[in-house]
Amino acid sequence: MLVTPKTENMERKHVSAFALYQSAIPPSNPLNEVLPVKKKKRKLQDGLPIVKSKKIRKKSGAVRNGLQTKKKDKQETMLNDEEQQTREMAGDTTSLHTLLDSLTKVNNSSERASKLFQWFVHPIPSKSFFRDTWEKKPLLIKRQKQDYYKGLFSTAEFDRILRDDNVQFGVNLDVTSYINGKRETHNPPGRALPYTVWDYYESGCSLRMLNPQAFSSTVWNVLSILQELFGSMAGANVYLTPAGTQGFAPHYDDIEAFVVQLEGKKHWRVYNPRSEDEVLPVVSSPNFSQGEIGKPILDVVLEAGDLLYFPRGFIHQGDCLPDAHSLHITVSSYQKNSWGDLLTKLVPAAVEIAMEEDVEFRKGLPLDYLSYMGVQNSDKEDPRRAEFLSHIGSLMKKLVGYAPVDAAVDQKARGFLHDCLPPLLTPAEKASSVYGAPARWEDGEALGLTVHVRQQTRIRLIRAGIARLCSDGEEVSLYHTAENSRVYHKEELKSFEIKPEHTDAMEFLLHSYPKFVTVSSLPCDTAEEKRSLADLLFEKGLIHTADPLKSE
């Protein structure tokens with residue numbers, strides 16, 4: 001267990017959540033970023049918190065055998081649970097629209113995401129997928145069921161979108177080709193109208209729709225559900241490729257990719273990362289020539305209903321067979337969501353705090369360090385170099401104790417919230433939220449404005465991940481996705497200030513999901529404060545009520 005803090009700290013009076021958020025940022029924060037949260041100091045050994053391990057006694061053979069039996073039973077139970085989960089999802093008999101309709105009746109948005117993903121990768125249990133495959137190796141699922149993903153997207157919908165929506169070349173749609181090892185983009189300026197687009201297609205060009213979620217409610221719904229599972233933006237591209245052609249050169253991406261074959265067939269080749277440096281890369285690669293990538297580890301033909309997953313860094317290319325066109329959608333996630341991405345936010349903040357609180361970080365560098373450090377001196381055999389590097393190492397170890405991990409995670413969370421799609425509400429959620437309120441214009445006057453949240457009204461957040469409390473050091477704000485656009489970053493990240501008297505209650509609501517709680521149970525000092533917060537969140541579209549509100 002951790003070293004016990006002083007008794008006086010254990011007996012301190014309750015500190016409001018607002019006070020804790022106010023202390024989250026150091027005095028000097030020139031970039032005005034949500035970063036440092038100062039932690040209670042604990043004893044450190046080599047820069048890490050001291051953890052006392054429990055003594056382990058030797059057990060008799062009988063006891064050991066009993067434990068092994070229990071462990072085996074537990075493992076079998078876990079496997080049975082996974083098998084049961086797979087059977088419950090009945091992926092080979094459940095259509096997408098049937099599934100999405102059933103998910104509207106699931107009370108918890110996190111559970112919805114888990115069930116949808118399980119259907120997505122059926123018959124592989126999702127727990128097995130994340131344990132054995134995720135970020136590790138490609139996975140091919142052959143279903144021999146052409147209609148498995150029917151309803152997600154289609155060529156007919158592609159055509160409808162071109163006719164009905166303002167699709168722009170280079171923004172929403174790319175026209176590409178890959179002939180004799182040369183990749184080209186053929187985007188003209190302006191709107192992508194069917195006459196021009198289908199002419200390109202008939203000429204052998206591939207079509208890539210960059211953000212189908214902006215035009216398709218089904219794709220929007222699927223991605224907005226899955227993003228809660230990944231804790232990272234879920235995006236998509238749609239690819240329509242003529243028979244006998246290839247639209248893109250071999251390359252690798254910086255995302256986890258799920259290739260969902262919707263229509264026709266496509267021949268795919270997947271290659272291992274070329275070196276350790278290209279395993280789970282930070283950025284996507286340039287186009288490769290065939291001679292740069294070696295032999296494929298996977299050479300398959302995807303047919304409608306099949307799924308191909310490959311982690312970031314695995315080189316891939318797809319081409320159409322002579323006898324069939326291909327329509328597939330690639331669902332992607334986990335872009336810039338690594339430990340390193342978190343540390344890029346965490347380490348600068350830790351250095352800032354350390355320099356404020358620890359004189360060792362403020363002491364000057366040696367007068368002559370330039371004479372023995374740096375690349376030009378890296379081959380020198382100088383004892384001062386070893387001493388210098390040793391001191392850097394000791395400071396780095398101490399830096400762990402100043403790392404504001406929670407605040408850095410909040411920064412990552414704000415970026416995720418900005419990336420997110422807004423939630424697509426179920427009919428029940430819409431009816432019991434501000435979006436279903438009876439306010440209207442009728443017979444020359446505004447009606448239906450007498451709907452009010454009361455003390456006994458039961459409320460909860462509309463989604464588990466729709467909002468998050470963060471601080472900039474001066475005030476506490478609630479960041480949310482309710483007003484996000486279906487077009488990536490078309491809107492700025494939305495937030496509003498949470499008053500000090502509402503901070504504890506807001507945390508209570510965030511942690512209560514998926515349970516409904518009464519307005520009267522919110523931990524505010526007065527009934528007016530409770531009602532004021534509930535009214536604000538209702539008006540912003542962040543909560544809904546257990547039952548639709550009625551006009552008085």
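**View A. Asp 164 is exposed, with a relative accessible area of 53%.** Exposed stands for over 50% relative accessible area, buried for under 20%, and partly exposed for values in between (1.4 Å probe, protein chains only). The structure is a predicted model, in which local features need pLDDT of at least 70 and side-chain atom pairs count only at pLDDT 80 or more, while totals for chains, interfaces and linings use all residues. Residues are numbered from 1 along each chain as its sequence is written, and side-chain values use heavy atoms, with hydrogens and water left out. Asp 164 makes a salt bridge with Arg 160, their closest N and O atoms lying 3.9 Å apart. A salt bridge here is a side-chain nitrogen of Lys or Arg within 4 Å of a carboxyl oxygen of Asp or Glu. Both residues belong to helix α7 (residues 155-164), where they are four residues apart, about one turn of the helix. Arg 160 is partly exposed, at 34% relative accessible area.

**View B. Glu 429 and Arg 112 are joined by a salt bridge of 2.9 Å, N to O.** Because Glu 429 lies in helix α13 (residues 427-431) and Arg 112 in helix α5 (residues 109-121), the pair ties together parts that are 317 residues apart in sequence. Helices (H or I, at least four residues) and strands (E, at least two) are DSSP runs, numbered from the N terminus. Glu 429 is buried, with a relative accessible area of 3%. Arg 112 is buried as well, at 5%.

**View C. Asp 368 and Arg 384 form a salt bridge, with closest N and O atoms 2.7 Å apart.** This pair links distant parts of the chain: Asp 368 sits in the loop between α10 (339-357) and α11 (383-399), and Arg 384 in helix α11, 16 residues apart. Asp 368 is partly exposed, with a relative accessible area of 33%. Arg 384 is also partly exposed, at 33% relative accessibility.

View D. Arg 160 and Asp 164 are the pair of View A, with closest N and O atoms 3.9 Å apart.

**View E. The whole protein has 15 helices and 20 strands.** The count of salt bridges comes to 23. Of the 552 residues in the protein, 44% are buried. Among contacts (heavy atoms within 4.5 Å) between residues at least 6 apart in sequence, 78% join residues at least 24 apart.
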